[in-house]
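Dear colleague,

Please find below the structure that I would like to hand over to you, together with its sequence.

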Amino acid sequence: MCALCRICTCGDVFYHPRYPQLHVLRYDGDTLVGHRSNSRKKKVLMRVADLSTIKEAIHHNLIVSVQAYPGEPLRHPETMAQMAQACEEGGACAIRCQGLADIAAIKGRVDVPVFGLWKEGHDGVYITPTLRHIIACAHAGADVVAFDATSRPRPDGRTLEQTLHEARKQCECLLMADCMTIDDIRRAVALGFDFISTTLSHNKAAINTTMDEGPDIALLEQATREFPDVPIICEGHVHTPADAAAANQAGAWSVVVGTGITHPTSLTKWFVAAMQK
């Protein structure tokens with residue numbers, strides 16, 4: 001349980017600063033409901049995120065991904081919130097973060113939009129893999145919830161179309177499609193996602209990359225050429241300022257940098273490797 005916002009790692013919420021009138025939040029099927037002191041159930045209503053405002057705020061700007069992996073020294077919501085605040089002070093236009101506790105802690109610390117997700121495992125569909133995960137991220141405070149938009153089978157058996165439809169009905173946050181291929185991007189555009197990213201194009205975790213592996217500029221250029229008015233975000237393997245500039249020049253609506261800014265273990269390894277050549 002997170003000491004900051006009392007959000008359990010299992011996803012149940014025992015008090016949340018955004019909903020102080022509710023004593024307990026829990027899941028009723030795929031719907032998050034709140035219990036008041038008189039034990040009456042009431043579905044929690046979320047504020048509507050303003051698409052035009054967020055689109056304008058992030059246009060040609062830097063989004064920083066603030067995440068730590070399980071077992072790492074920085075894996076703590078307060079630490080992630082402090083890092084997010086530092087990135088905001090450095091000019092980040094938004095923060096991308098993972099896990100309910102981190103989303104809640106960061107949302108309470110920064111003034112820029114929060115792009116939230118919930119990773120479950122490492123294989124297949126693991127980025128906010130089900131409707132339940134999307135709803136939980138929204139209620140934790142995410143302005144935008146990012147989830148896997150590939151055609152791979154989902155753990156709850158829903159299709160991408162069904163997941164998006166139900167998320168629109170139950171959440172008033174914005175939704176971002178994390179894509180792997182140009183076909184994924186085309187499908188996401190047709191379905192009407194608010195934002196689209198190239199997050200999964202390399203099909204491997206950022207922690208397993210080297211500094212020399214750059215972003216998928218070819219996919220980005222193709223996507224922005226086909227959909228020039230869609231906010232397509234470059235994410236994945238943007239490790240240097242030069243990478244970010246190249247993605248910006250290739251037409252990215254905005255650029256996400258994670259490991260290259262907020263993962264000191266990888267940064268240290270890159271320096272060590274360079275000195276040992």
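Threonine 199 is found in the loop that runs between strand 9 (195–197) and helix 7 (217–226); helices (H or I, at least four residues) and strands (E, at least two) are DSSP runs, numbered from the N terminus. The model is a predicted one, in which local features need pLDDT of at least 70 and side-chain atom pairs count only at pLDDT 80 or more, while totals for chains, interfaces and linings use all residues. Residues are numbered from 1 along each chain as its sequence is written, and side-chain values use heavy atoms, with hydrogens and water left out.

Threonine 199 counts as buried because its relative accessibility is 16%; buried means under 20% relative accessible area, exposed over 50%, and partly exposed in between (1.4 Å probe, protein chains only). Its side chain makes a polar contact of 3.1 Å with the side chain of aspartate 178, and another of 2.8 Å joins the side chains of threonine 199 and glutamate 235. A polar contact is a pair of N or O atoms within 3.5 Å; within protein, one must be able to donate a hydrogen and the other to accept it, and residues adjacent in sequence count only if both atoms are side-chain atoms. With neighbours within four places in sequence left aside, threonine 199 is in contact (heavy atoms within 4.5 Å) with Arg96, Ile127, Asp178, Cys179 and Glu235.

Glutamate 235 leads on to the strands. In strand 11, its bridge partner is valine 256. Strand 10 (residues 232–235) and strand 11 pair in the parallel sense over 3 bridges, where pairing requires that DSSP finds at least two bridges between two strands. Strand 4 (residues 62–66) also runs parallel to strand 11 and is joined to it by 3 bridges; here valine 64 has valine 257 as its bridge partner. Strand 10, helix 8 (residues 241–249) and strand 11 make a right-handed β-α-β unit; a crossover is right-handed if, with the strands pointing away from the viewer, the path from the first strand over the helix to the second runs clockwise.

In a regular strand the side chains alternate between the two faces of the sheet. From strand 11 (residues 254–257), Ser254 and Val256 point one way and Val255 and Val257 the other, and all are buried.

Histidine 237, in the loop between strand 10 and helix 8, has a positive phi of about 65° although it is not a glycine. Histidine 237 is buried, since its relative accessible area is 6%, and its side chain is joined to that of histidine 202 by a polar contact of 3.3 Å. Histidine 60 also has a positive phi, of about 55°, without being a glycine. The loop between helix 1 (51–58) and strand 4 holds histidine 60, which is partly exposed, with a relative accessible area of 45%.

Not counting residues up to four places away in sequence, isoleucine 185 touches Cys179, Ile196, Thr198, Leu219, Ala223, Phe227 and Ile232.

The structure holds 2 aromatic pairs. In one of these, the rings of phenylalanine 147 and phenylalanine 193 have centres 5.3 Å apart and planes at 50°, so the pair is tilted. Rings of Phe, Tyr and Trp (its six-membered ring) pair if their centres lie within 6.5 Å; planes under 30 degrees apart count as stacked, over 60 as edge-to-face and the rest as tilted. Because phenylalanine 147 lies in strand 7 (residues 144–148) and phenylalanine 193 in the loop between helix 6 (182–191) and strand 9, the pair ties together parts that are 46 residues apart in sequence. Both phenylalanine 147 and phenylalanine 193 are buried.

For the protein chain as a whole, the secondary structure comes to 10 helices and 11 strands, and buried residues make up 52% of the 277 residues.

With kind regards
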